[in-house]
2 protein chains.
Amino acid sequence: MKGGIECQTCGSKARPISVAYDRQRSIKQPRWRPLNVLLVMGDCTLIGLQPILVYISKVDGKFLFSPVSVNFLTEFMKVVFAIGMILWQARRQRPGERSLLSPSVILTAARKNYLLAVPACLYAINNYLKFIMQLYFNPATVKMLSNLKVLVIALLLKAIMKRRFTVMQWEALTLLLIGISVNQLHTTQQGTTALAVPIASVAYFYTLVFVTVPSLASVYNEYALKSQFDTSVHLQNFFLYAYGATFNFVAILVSTIYQGGTGFNLLEGHSKATMFLIINNAAQGVLSSFFYKYADTILKKYSSTVATIFTGLASAALFGHALTINFVLGVTIVFISMHQFFSSISKPQVEDTSYTHLEPMGRTLDKKDSSIGDLASVAHQEV
Amino acid sequence: MKGGIECQTCGSKARPISVAYDRQRSIKQPRWRPLNVLLVMGDCTLIGLQPILVYISKVDGKFLFSPVSVNFLTEFMKVVFAIGMILWQARRQRPGERSLLSPSVILTAARKNYLLAVPACLYAINNYLKFIMQLYFNPATVKMLSNLKVLVIALLLKAIMKRRFTVMQWEALTLLLIGISVNQLHTTQQGTTALAVPIASVAYFYTLVFVTVPSLASVYNEYALKSQFDTSVHLQNFFLYAYGATFNFVAILVSTIYQGGTGFNLLEGHSKATMFLIINNAAQGVLSSFFYKYADTILKKYSSTVATIFTGLASAALFGHALTINFVLGVTIVFISMHQFFSSISKPQVEDTSYTHLEPMGRTLDKKDSSIGDLASVAHQEV
């Protein structure tokens, strides 16, 4: 189907369209759909387990371990997981294939995937920022502000991944942001207070940083994973987490030295329950990589939101809570947003086609070539 | 442009499409757009004046007049306005045209427009229901429940006017409902309470009636006005309001006799200020007729919502209120909903066209004829 594609309606020959990102999507699409479902289901399960694991990890209602140690142990667990998967994949290789474990393969992959150091560094910075933010904003405000990530992620995807969104998709993302916020208005009890977040200029700056750093980390992660698509995802994970563990370890060292401490036991205060929590965190991280490589950051965002909704529903059913109006309204907005974002009618190409047909006659004639081009790209995607 | 319309892209001849409602829309469209803008602007002005007039109508913070008298005087004022407009229109008729004032013209029109008695009766019932509802629900709950009208109106338009809505448009209407509700959560302070509206089975019934009667009145009004499109809108208004005044007068009589009263003075407690309030109410009613005849009930609904938003913004600016998070979120939802509802991409025909282009090759070939038909109907609408 390369080169001259015929318009299904007109039968006219069309120029091939070469938007790498969209073509990659369209080629992978049939294989991706079931994978997407699996990813979302896995994500929902892991996120759903989280509150239970947090609950059983607490002793007398509080954590006995240092939060910094959780970050490091999570990164360490991810490295272990990635190594395990590489070994498993290497054993399943056919005879004759170049072994995943050969130093030259690993070194070449490491050289090609050096960009993974960027998201690893950003994630490490973000772990530190989270603590800083709590000094400037109360947790409810932090939660509210972090909803803005949805739009920042979309802007970064547009800038870094050259992704195109239709007006309808921008609206869908805005609705996602609003839906989550409406739901949170209940929990944070801010529903009836004025929009009086402490808005000093320094707070603006911190907000910008706080929202941009994790968004940039995710989008750049997606970019780095996809740009070396041929490298095994487990190998890519290994590099990412090795960088991550290193950065986190350096951070721990620096802060320990800076505070003049005598070092601390990483495993202090941990138990079997906290290990499950860390394994869950690590598994969520590994799953994210699959999202970023085989789907995208936006699907991950929707997935997390759906997981939160299911957790809310489950806890309402289990503990007999009544659902609030905010929850019902927020959830409805989120589901409408989801349908609109992924609906074929809101995809860029379809919109182009429709607009062309809708334009006044003169412009349509002028744009005839490009209209057929767009039409063909739709046909191309769907075949 | 009747009969064989050429597809702008293909140049192929197309079957004419005969969906009466859509054709009527498309023929009127060029004339309608500026009228729509005028209607919305007028509506916003009148609704915006309402709180000011209510404020100056109160003496020591309360009304001195009977609310029933307001309903009747408003209907009476509308009749006066309609007669005034008919006289004005009759004076502007060209010599040779049949006079609007000739008894035969009026009688024929009255016979043809007998259906207008239905909405007039429903509106009168609704005026009575409003009082009843306040016995069963608190005003905040009534306000919340009345938001459901948006969806009920759409269902009735589908049933009575055979209007088609796309999934996207249903979602847009749901968003409108949610947007208004999110905004009200603030005012009603219900944001943090559970969804524990008094839900006895009798309350369900009253809710259904309370939401359906005014919706049915509006939609049936639209149906009656449009089905006799050739009758002057002022003459139609005259009939509608004459029926309305009669029904309201009968209601007053019946309730006065039933309560064993000795009658009451309709003008008791009224002043110059309350007359302005009544004139404003009447003007809103007259404007509604123009909405229903030349636009539709949905545009009227969006218009009222936008008016409420502007009133909120104006009062915030005038009295220095801070805008609440709920207001900002609610307003954003409403504007997204509005764009999605009226956006060409979500109109039924456009959707059909896009879907056809997206379908796998086999089905496209099978449906080629109908696809061209749809395409032509789009072209037809836009010319």
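The side chains of Lys300(A) and Asp43(A) are joined by a polar contact of 2.9 Å, that is, a pair of N or O atoms within 3.5 Å, of which, within protein, one must be able to donate a hydrogen and the other to accept it, while residues adjacent in sequence count only if both atoms are side-chain atoms. This is a predicted model, in which local features need pLDDT of at least 70 and side-chain atom pairs count only at pLDDT 80 or more, whereas totals for chains, interfaces and linings use all residues. Residues are numbered from 1 along each chain as its sequence is written, chains are lettered from A and ligands numbered from 1 in the order in which they are written, and side-chain values use heavy atoms, without hydrogens and water.

Lys300(A) belongs to helix H11 (residues 297–319) of chain A; helices are DSSP runs of H or I with at least four residues, numbered from the N terminus. With a relative accessible area of 12%, Lys300(A) is buried (under 20%, with a 1.4 Å probe and protein chains only). Apart from neighbours within four places in sequence, Lys300(A) is in contact with Asp43(A), Ile47(A), Ser288(A), Phe291(A) and Tyr292(A), contact meaning heavy atoms within 4.5 Å.

An unreviewed UniProt entry lists several stretches of chain A as "transmembrane region", among them residues 35–56 and 312–336; such annotations may be inferred rather than shown by experiment. Residues 35–56 of chain A are 100% helix, with end C-alpha atoms 32 Å apart. For residues 312–336 of chain A, the helix content is 80% and the corresponding separation is 18 Å.

Note on methods:
Helix = DSSP H or I, 4+ residues; strand = E, 2+ residues; numbered from the N terminus. Buried < 20%, exposed > 50% of the residue type's maximum accessible area, 1.4 Å probe, protein only.
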